[in-house]
Amino acid sequence: MAVSSCFPLAARCSLLLTAALVLALSHEAHGHAGAGAGLSSSFYDDSCPSAHDIVRRVIQSARVANARIPASLIRLHFHDCFVQGCDGSLLLDNDLPAIMTEKEVPANNRSVRGFDVVDDIKHALENACPGIVSCADILALASEISVELAGGPRWSVPLGRRDGTTTNVESANNLPSPFDSLQTLQEKFRNLGLDDTDLVALQGAHTFGRAQCQFTQQNCSAGQDGETLVNLDTVTPDVFDNKYYGNLLHGRAPLPSDQVMLSDPVAATTTASIVHRFSGSQKDFFKNFAASMVKMGNISPLTGRAGEIRNNCRRVNKKPY
């Protein structure tokens, strides 16, 4: 619409433009990766300025007792964002008939962990800033802090997510699997607005932590229980670095879904060059990992008046059903 045609009907045009802006912002707030509407790294600067320090203190303490905790916390953030956006739905326990937990789907059952640490973080935040910091933001902050404590990059975490009041078990059943082909992984990432660079970078989180041997390429040794843990990175299992990509180049990635980024027939024209790039430059990997984490953290956040700030990360706030 030309400006000259608006002038005689300024009030009407103003309303139309305002309505269009509201519609655009609403669409953006519920978009996929890269949207991040309403999120800001300074979101808690006034309402809970100590939020980052509190989360860091709890994780540092938990890490002393269990070196696996940083990798476990970042995995919670992944598995939360990949279901119905970064809304903390993975943290909800069963509360039937209203809530069916995502924790018991095959990709999560007896596998995802660290919920007790999230509880401790939430308790500490509620003592300092009651009703302010969402569980979804706890996962985002905990991921960045966990990576940094393990020697990885730092990044500015966009904050301001609110917590969902529903789960999505059907979507959780379609989480990326250790046995997915490269094309299947690419499709699952692409459906959330994540490209091949994001895929290779985010898979790099397997540079620390453990996996059950039943999910590995070699499977379990004779007599081993299927839940026996193996290091994802045999070189530096508790350090966040780029050694993971060197393992891929030598065919030593424990998870089949990691090795396919080199071995799958479509890898040569898609992901293989990125693996080589990150293997040759930790700085390049760190830069892209941080950018991809922000991008993933922007998947369909609830902001404004959507959702709620849970008092307990395991349950929606009490309300009649």
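A polar contact here is a pair of N or O atoms within 3.5 Å; within protein, one must be able to donate a hydrogen and the other to accept it, and residues adjacent in sequence count only if both atoms are side-chain atoms. The model is predicted: local features need pLDDT of at least 70, side-chain atom pairs count only at pLDDT 80 or more, and totals for chains, interfaces and linings use all residues. Residues are numbered from 1 along each chain as its sequence is written, and side-chain values use heavy atoms, with hydrogens and water left out.

**View 1. R161 and its polar partners.** The side chains of R161 and D137 meet in a polar contact of 2.6 Å. A polar atom of the R161 side chain also lies 2.8 Å from the backbone oxygen of P158. R161 sits in the loop between α6 (135–149) and α7 (169–172); helices (H or I, at least four residues) and strands (E, at least two) are DSSP runs, numbered from the N terminus. With a relative accessible area of 2%, R161 is buried, a term for under 20% relative accessible area, against over 50% for exposed and in between for partly exposed (1.4 Å probe, protein chains only). Leaving aside residues up to four places away in sequence, R161 touches several others, among them L39, Y44, C86, P301 and I309; contact means heavy atoms within 4.5 Å.

View 2. A search of the whole structure finds 1 cavity of 30 Å³ or more, and the largest cavity has a volume of about 40 Å³. On a 1 Å grid over the protein atoms alone, a cavity is a set of points where a 1.4 Å probe fits but cannot get out, and a pocket is an open set with protein on both sides within 12 Å along at least five of seven lines; lining residues have an atom within 4 Å of a point. Grid points are joined across faces, edges and corners, and a volume is the space filled by probe spheres set on the points. R161 and P158 both line the largest cavity, whose lining also includes H77, A140 and W155. Helix α13 (residues 282–297) gives the most to this lining, with 3 residues.

**View 3. The largest pocket.** This pocket has a volume of about 850 Å³. Of its 40 lining residues, R75, H79, S111, H206 and L255 lie nearest the centre. The greatest share of the lining comes from α4, with 7 residues, while α4 (69–84), α8 (182–190), α9 (196–203) and β1 (210–212) each supply at least two.

**View 4. F240 in its loop.** F240 is found between β2 (229–231) and α10 (243–249). Its relative accessible area is 1%, so F240 is buried. F240 touches F285, F286 and F289, and its other contacts include V147, P153 and F208, not counting residues up to four places away in sequence. F240 and F286 are 46 residues apart in sequence and 9.4 Å apart in space, C-alpha to C-alpha.

**View 5. Helix α11 under cover.** Helix α11 (residues 256–263) is largely enclosed by the rest of the structure, because 6 of its 8 residues are buried. Those buried residues are P256, S257, D258, Q259, V260 and M261. Their cover includes α8, α9, α10 and α12 (272–280).
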